[in-house]
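Please examine the structure shown below, chain by chain.

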Amino acid sequence: MNGCRVDELRPGAATHGIANMKTMFQKVWEQHEVVPETADTPAVLYIDRHLIHEVTSPQAFTVLRERGLTMRRPDRTLATIDHSSPTRTDQIFGGVPIAIESAAEQIAQLRKNCAEFGVELFDLKSDQRGIVHIIGPELGFTQPGQTIVCGDSHTSTHGAFGALAFGIGTTEVGHVLATQCLLQRRPRTFAITVHGALSPGVTAKDLILSIIGEIGIGGGTGYVLEYRGAVMRSLSMEERMTVCNMSIEGGARAGMIAPDETTYSYLKTRPRAPQRAAWERALAHWRTLASDADAKFDREITLDGSKLEPMITYGTNPGMVVAVSGSIPDKRNDPVFDKALAYMGLHAGARIGGQPVNVVFIGSCTNGRLSDLRSAAQLLRGHRIARGVRALVVPGSQQVKKAAEAEGLDRIFIDAGAEWRESGCSMCIGMNGDTVGSGDYSISTSNRNFEGRQGPGARTLLASPLTAAASAVRGRVTDPRDFLSG
Amino acid sequence: MEPIRQIRSRTAVLPYTNIDTDQIIPARFLRTTTRAGLGQQLFADWRYSADGAIKPEFALNRPETVGCAVLVAGRNFGCGSSREHAPWALLDYGFRAVISTEIADIFRSNSLKNGLLPIEVDELTGQWLLEHPGAEVAIDLDSTTLRLPNGNAVEFPIEGFARYCLLNGVDELGFLISRQREISAYEQGTRP
C-alpha cells in the first residue's frame, strides 16, 4: 500500500497496476472501501443493503436512542418479521393474539423502531413479508456486486448473486444503522470448485452438505468462499441460494457465486431491480465482477459433482453427514462423536436409511423457496404421509406461499396430510413455538442440527426437500431415488 | 465500556469441540428486547433438566467453577448463529475471557465489541488447559500474553484496533462516526 494515495483505491480505480488477477471477493471489497485497512485500523467498509428483523435489532435501536443518533440511510434498510412470528393463519390474519407474549412484544418493538427511524417494514399482514433471506432476492433488493449485511448468520445466502453478504452481531447492526459502514479486516479467499453434473435425486442441499462434510464445520473460518465449476453454473438461482446459505455451516461468513445469465434473468423482472437505462448500466458493471482467470485464492479444493449422493446428517452439527444410502461412521471413543450419538440416540456403524422419524419440516431460508416446495410436492403427489408422522410445510415468504397456492402445491401437501402454514423461520429455530418434542426425530430441510435447535431434546436430521418428502411417506429415512426410479 | 488490561482467574473447562451458539444460549431465550440478565440462561439445556432442576454433573454447576472468569473450551467455540446474546450471556454470567484453539468468526467479532476476550491458543496450550480445569491463569492484554501456572507464557493474536479499543475503553462506533467526511465522499462518488 506504500505510496498509494487513498483516492487511487476508490471504486473504479485500478490498484497496483495488476490487471486480470483479482477474485470476485477482492473486486467487491475494494469497491466498498471507504477507508482501506492499515496495520492499525480495519477497513471502513460501505454497506449497500441492510436487512433487519425483530430478534437481533432491538438492542441496536436502543443504542441509537441512548446516544441521540439518527439513521444515516434508512433507504438502504428493509425490515421484516420472521424469526419469532407465528405461522398459524389465525394469529396473523384472524385477530387471534400471538400465543407467545415475548414474541408479540419483540414484534411490537420492531414496529415502533421502524416507525420512529423511518425504516420500511413488511409487517405481519404484508404480502411481501417473509424470511429475510428469501425476500431480499425475491424483491430484487439483493443485487450482484453489493455488500449486504443482516443480524443473521445465513445472510451468506445473498452471495448467490455475487454479492459480498455476511451475518453480523447486534452491535454491528447499530454501526450500520448509524453510519452505513462496518469496520472489517479483509478475510482470506477459498475456492470450492465442483466439476461434472449432479445425478438425478441429488440436489443443491446434498451438494452443500457434501461440501461441509468435506471441509468440516470450521474449515471455512476466516475465509470468504467462492463456489465455482460446471455444477454451480448449472444451478438455478434458488439452488445457488441453498448452497451459499450454508456457507456459515462450514465456518465461512460469506460464500459467493459469480453472476451470469441465470442471475440476470432472475433479477430482470424483480420489482426493486434497476429499470431501463439503470438496468443496462448495472448489467455492464455486473459483467465485470467474476474472478479473473488468473486470480489466486488462499485455499482451493475440487470435488466431482457426478459422485455425489443424497446426503443426511446423523449427528449434532452439519459436518456430521453421510449418504442417505450409507452408514453412520464408527468413531467411538471420540468424546464429541460419542456425545453426539448419545444425544441423537443413534449407533455407530448403523445404516441411516430406515431410521424412524416423527416430524418432517419443509421450509427455512435454506429450502423454503418455490422450487423446494415443488420438488417436495412432486414426490408427495398421490401419496399419504405415514401414520404418526407430523409434517409441517412452511413457505419462505408470503410471495412463495401465493405462488405455491396458484400451482396447487398447498392441496398436494394438505391432501398428503401435512400442515400448510404462513411464512417464517418456524421450526428451523423453534422461537415461535413450532418445535419438535424432546427425543423425537425430525427430518428437516433447514440448516442446523445442533442440540436443541428445533426444541429442547429434539433430534434433527438435515436433508433435502426430496429426501424429507420421501421419508415423510415411509415414516423412515428414505433415499428419494427409491421414488424417482418408479 | 470499562478498559480491560489484565484478567486473573481460575478456569472453567468445557472439553467439547464445536460448541455452538445454540448451546451457549438457546434460541427460545432470544425473545427479548434488552441485553440484560441473559446469564441465567447461559448453557441452559446443559445446566438444567427439562423440569428446571440443576444437573449437578455439568461443569458450571460444580462448586469449583463458581467465580471463574475464564472459560476454556475445545476447538471452534461459538460456531453457528450471529446472536450477540451469546457473548452477552457469557459476560452476564461472569466470564471475561474464552480460550480455545479456534474461535468462530462472528462470535469473536461480537465478543470483542462487548469486552469478552476471545483468546486463541496453539494445540499444546489448548490441550494443557483442557486437561487442567481450575488452573490459575493470567491474561495480559497489553502484552497479549497468557500465563499458565506451569510457568509457560504464550502470546495470543488479537486484532490490533480491537485491542486498542479494549485497553482504552473506546468503542468502535465513535471511530466510525469520526469518519463521516469520508463516508459522505464515498456516497457522493459512487454507484447508487
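**The contact between chains A and B**

The structure is a predicted model. In the contact, chain A takes part with 58 residues and chain B with 46 residues. On the side of chain A that touches chain B, several elements give two or more residues: the helices α2 (58–66), α4 (101–117), α6 (170–179) and α12 (335–344), and the strands β1 (33–35), β2 (43–46) and β8 (181–184), each of chain A. The largest share of this side, six residues, belongs to α6(A). Sorted by class, the side of chain A that touches chain B consists of 26 polar, 22 nonpolar and ten charged residues.

**Strand β3 of chain A**

Is strand β3 of chain A covered on its faces, and which residues are buried there or exposed? Strand β3(A), residues 49–52, is covered on both faces. R49(A) and L51(A) are buried on one side, and H50(A) and I52(A) are buried on the other.

Strand β3(A) pairs with two strands of chain A. With β6(A), residues 147–150, it runs parallel, and three bridges join the two. Within this pair, R49(A) is placed opposite I148(A). With β4(A), residues 77–80, the pairing is again in the parallel sense, over three bridges. Here L51(A) is placed opposite L78(A). Between β3(A) and β4(A) the chain passes through α2(A), and this β-α-β crossover is right-handed. Helix α2(A) also gives residues to the side of chain A that touches chain B.

**Strand β2 of chain B**

In chain B, strand β2, residues 70–73, likewise has both faces covered. V70(B) and V72(B) are buried on one side, while L71(B) and A73(B) are buried on the other.

Strand β1(B), residues 6–14, runs parallel to β2(B), and four bridges join them. T11(B) is found opposite V70(B) in this pair. Three bridges join β2(B) to β3(B), residues 97–100, and these strands are parallel as well. The bridge partner of L71(B) in β3(B) is V98(B). From β2(B) the chain crosses through helix α3(B), residues 85–93, to β3(B) in a right-handed β-α-β crossover.

**Summary of the strand pairs**

The table collects the pairings described above.

| Strand pair | Direction | Bridges |
|---|---|---|
| β3(A) and β6(A) | parallel | three bridges |
| β3(A) and β4(A) | parallel | three bridges |
| β1(B) and β2(B) | parallel | four bridges |
| β2(B) and β3(B) | parallel | three bridges |

How values were computed
Residues numbered from 1 in each chain as written. Chains lettered and ligands numbered in written order. Predicted model: local features only at pLDDT ≥ 70, side-chain atom pairs only at ≥ 80, totals over all residues. Contact = placed C-beta atoms within 7 Å. Nonpolar A, V, L, I, M, F, W, Y, C, P; charged D, E, K, R; others polar. Buried ≥ 20, exposed ≤ 12 C-beta atoms within 10 Å, placed from the backbone. Pairing = 2+ DSSP bridges. Right-handed = clockwise from strand over helix to strand, strands pointing away.
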